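Here's a friendly walk through a protein model for someone meeting it for the first time. Have a look at the structure, then read on.

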Amino acid sequence: MSVILNALVDLGYILIFPGALFTSCFGLFLAGVDRKVVARMQHRIGPPIRQPLYDFFKLLGKETIIPHAANKLAFLGAPVIGFVSLALIMLFIPVGGFTAFSGNADLIVILYLITIPGVALIVGGSSSGSPYAGIGISREMVTMMAYELPFVLVLLAVARKAGGSELCFSMDAIARWQAANGSMLFQWSMIPAAIAMLLVVPAEVGTQPFDVA
């Protein structure tokens, strides 16, 4: 009975909080904020913050078009794999002091999982059968190679700051360090890493000006 209960709890973590449902809602909210900020920077009013939610429900009612020359399994499966990896990432990030899964290599796991959506985008594009897919694939690969090294260096800086003389990759330990010493964003020694992360995030999530792929 306890095994079934633990399995249901883990399934709730994956599907509801802090997994798929929470990730989707929070991601749509951040997408709306991003579009609003970009519009303000361009001296436009911009769409409402809830616009991505409207777009989501609108797209649910549209027909899924599969190109004739496409590999159907890879074409439809790649976006699902990318979304699943994003939902799994949230299981290792403390949210309000709660973490679904924790270990000593959380940052390393996150580093691997966060590259999967980009790879899924490449696989989905290459399986479309379009002769122009190679352009988007090459751009996405160049973008990934450009932001992966700075992203790794930022994670190493965080791990060194939280671990002192050693590297600490546990998200729980990093959260406890910040609770005791304050946010790393306000540590003078972490300002270069914070600036680098601000440059990495738009490339990682594919927003302007890194949405050319």
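## A first look around

Pro18 sits in the loop that joins helix 1 and helix 2. Most peptide bonds are trans.

A few ground rules for reading on. This is a predicted model, where local features need pLDDT of at least 70, side-chain atom pairs count only at pLDDT 80 or more, and totals for chains, interfaces and linings use all residues. Residues are numbered from 1 along each chain as its sequence is written, and side-chain values use heavy atoms, leaving out hydrogens and water. Helices (H or I, at least four residues) are DSSP runs, numbered from the N terminus.

Now to helix 2, residues 20–41. Its 22 residues reach 31 Å from first C-alpha to last, close to the 32 Å expected at 1.5 Å a residue (the expected span is 1.5 Å times one less than the number of residues). Which residues of helix 2 are buried? They are Ala20, Thr23, Gly32, Val38 and Ala39 (buried means under 20% relative accessible area, exposed over 50%, partly exposed in between, with a 1.4 Å probe and protein chains only). Seen down the axis of helix 2, these buried residues fall within an arc of 165 degrees, so they line one face of the helix (the arc is that of the directions from the helix axis to the C-beta atoms). They pack against helix 1 (2–15), helix 3 and helix 4 (72–90). On the other side of helix 2, Arg40 and Met41 are exposed.

Just after helix 2 comes His43, with a positive phi of about 60 degrees, although His43 is not a glycine. It lies in the loop between helix 2 and helix 3. Phe57, for its part, is found in helix 3 (residues 51–60). Here are the two residues as a pair:

| Residue | Relative accessible area | State |
|---|---|---|
| His43 | 76% | exposed |
| Phe57 | 52% | exposed |

Note on methods: Helices (H or I, at least four residues) and strands (E, at least two) are DSSP runs, numbered from the N terminus. Contact means heavy atoms within 4.5 Å.
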